[in-house]
Amino acid sequence: NILSVTFTNKAAKEMKERVMKLLKTDELPITIGTFHSVCARLLRIEGKHLNLSKNFAIYDVTDQLDLLKVIINTMNISKDIITSNKVRNQISYLKNKMISPEAQLRKARTKIEKIIAEIYNEYQQALKDNDALDFDDLLTRPIELFEKKPDILMKYQKMWKYILVDE
């Protein structure tokens, strides 16, 4: 009934090794991993409720920047106006605030805010078309899942009665 999460793969590996040594077992009766790995596992199991396949790809920063460059070029936006790295940072910020592309477009006031919102919308569609999620999605999509499907939230609340977070 324990979920233990940390920030790095190295820390997660060390935690697993320590617990297995303490319990004198090769089978872990608890869930230990990074925030991203635990969420990715959860989404591979439950993602069908969000129309995700079990085999979705996970885009790293390089994949994200490559995709954004294609989108920016396709939209004929000059690099003088916005760079793929700036857009990636803005999209990450918006995702972590749980702001959708549509919501951002509605609240955009300046030309650059509107451009970013449009790129964000295209980016999300491209991720969907490519059966992919980025690292921010790994953290935010489980929240969406739990909000839309309270029965799944309850399942994991029963499964993980204790949550340990490594600083």
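**Entry 1: helix α6**

I note first that buried means under 20% relative accessible area. The model I have open is a predicted one.

With that cut-off in hand, I looked up which residues of α6 are buried. I found Ile115, Ile116, Ala117, Ile119, Tyr120, Tyr123, Ala126 and Leu127. I also remembered that an α-helix has 3.6 residues a turn, so residues three or four places apart point the same way.

Next I asked what the buried residues of α6 pack against. My list came out as the strands β3 (57-59) and β4 (132-134), plus the helices α3, α4, α5 (101-107) and α7 (135-148).

Then I checked the length of α6. It has 19 residues, and at 1.5 Å a residue they should span 27 Å. Its end C-alpha atoms are 27 Å apart, so the two figures agree. After α6 comes Asp131, and I wrote down that its phi is positive, near 50°.

**Entry 2: the nonpolar cores**

How many residues does the largest nonpolar core have? I read off 19, with Leu67, Val87, Ile119 and Tyr123 having the most contacts inside it. Three helices, α3 (61-74), α4 (84-96) and α6 (111-129), each supply at least two residues of this core. The largest share comes from α6, which gives seven residues.

Skipping residues up to four places away in sequence, I saw Leu67 touch Tyr59, Tyr123, Ala126, Leu127 and Asn130. There is also a second, separate core of 15 residues, and Leu3, Val38, Leu42 and Leu133 are among them.

**Entry 3: Leu127**

Leu127 sits in helix α6. Is Leu127 buried or exposed? Its relative accessibility is 2%, so I count Leu127 as buried.

Beyond residues up to four places away in sequence, Leu127 touches Tyr59, Leu67, Lys95, Ala132, Asp134 and Asp137. I also looked at Leu127 with Phe56: they are 71 residues apart in sequence, and their C-alpha atoms are 9.6 Å apart in space.

**Entry 4: Arg141**

I found Arg141 in helix α7. I put Arg141 down as buried because its relative accessible area is 16%. Which residues is Arg141 in contact with, leaving aside neighbours within four places in sequence? I got Leu43, Leu50, Leu52 and Leu133.

**Entry 5: the pockets**

Arg141 came up again when I turned to the largest pocket. That pocket is lined by 24 residues, and Pro101, Gln124, Asp137, Arg141 and Glu144 lie nearest its centre. The elements giving two or more residues to this lining are α5, α6, β4 and α7. For the volume of the largest pocket I noted about 700 Å³. Sorted by class, its lining holds nine nonpolar, six polar and nine charged residues.

The second largest pocket has about 330 Å³ of space. Its lining has 15 residues, and Leu3, Cys39, Phe146, Trp160 and Ile163 are the closest to its centre. At least two lining residues each come from β1 (2-6), α2 (35-46), α7 and α8 (150-159). What classes make up the lining of the second largest pocket? I counted 14 nonpolar, one polar and no charged residues.

Notes. Residues are numbered from 1 along each chain as its sequence is written. This is a predicted model: local features need pLDDT of at least 70, side-chain atom pairs count only at pLDDT 80 or more; totals for chains, interfaces and linings use all residues. Side-chain values use heavy atoms; hydrogens and water are left out. A nonpolar core is a set of buried Ala, Val, Leu, Ile, Met, Phe, Trp, Tyr and Cys residues joined through side-chain atoms within 4.5 Å. Buried means under 20% relative accessible area, exposed over 50%, partly exposed in between (1.4 Å probe, protein chains only). Helices (H or I, at least four residues) and strands (E, at least two) are DSSP runs, numbered from the N terminus. Contact means heavy atoms within 4.5 Å. The expected span of a helix is 1.5 Å times one less than its number of residues. On a 1 Å grid over the protein atoms alone, a cavity is a set of points where a 1.4 Å probe fits but cannot get out, and a pocket is an open set with protein on both sides within 12 Å along at least five of seven lines; lining residues have an atom within 4 Å of a point. Grid points are joined across faces, edges and corners, and a volume is the space filled by probe spheres set on the points. Ala, Val, Leu, Ile, Met, Phe, Trp, Tyr, Cys and Pro count as nonpolar, Asp, Glu, Lys and Arg as charged, and the others, Gly among them, as polar.
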